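Here is my notebook page for today. I open the structure first and then look things up one by one.

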Amino acid sequence: MEHLCAPGETLLDAARNSGLYIPTACQQGICGTCRTVKLSGDVVIDDLGGLSLQEKAAGYVLACCSRPQGTVCLDL
């Protein structure tokens, strides 16, 4: 599925606007509930510690606080 994001839209907002479900809880980048794998593309992440260094190295992002910088592909 493809979705054109509005400026400043998070990956979570984009998914919801596309009709896709990503589980969430805090929506502040703390709990890690919205953790998902980014297969390609670049994002700016404003998390508050919701991912470990190992998770980041494995390609995980937090959908609630990640904003795409161009085309991004997620494994949902």
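Rings of Phe, Tyr and Trp (its six-membered ring) pair if their centres lie within 6.5 Å; planes under 30 degrees apart count as stacked, over 60 as edge-to-face and the rest as tilted. With that in hand, I searched the whole structure and found zero aromatic pairs.

A note on what I am reading: this is a predicted model, where local features need pLDDT of at least 70, side-chain atom pairs count only at pLDDT 80 or more, and totals for chains, interfaces and linings use all residues. Residues are numbered from 1 along each chain as its sequence is written, and side-chain values use heavy atoms, with hydrogens and water left out.

Entry: the sheet. I looked up strands (E, DSSP runs of at least two residues; helices, H or I, need at least four; both are numbered from the N terminus). Three of the strands form an open, antiparallel sheet in the order E3-E1-E5. At its edges I find E3 (60-62) and E5 (73-75), each pairing on one side only. From one strand to the next, the twist averages 50° (axes are lines fitted to C-alpha atoms, and angles run from 0 to 180 degrees between N-to-C directions).

Two strands pair if DSSP finds at least two bridges between them. How many bridges join E1 and E5? I count three, in the antiparallel sense. Lys 38 has Leu 74 in E5 as its bridge partner.

Entry: Ser 18. I find Ser 18 in the loop between helix H1 (11-17) and strand E1 (35-40). Leaving out residues up to four places away in sequence, Ser 18 touches Met 1 and His 3 (contact means heavy atoms within 4.5 Å).
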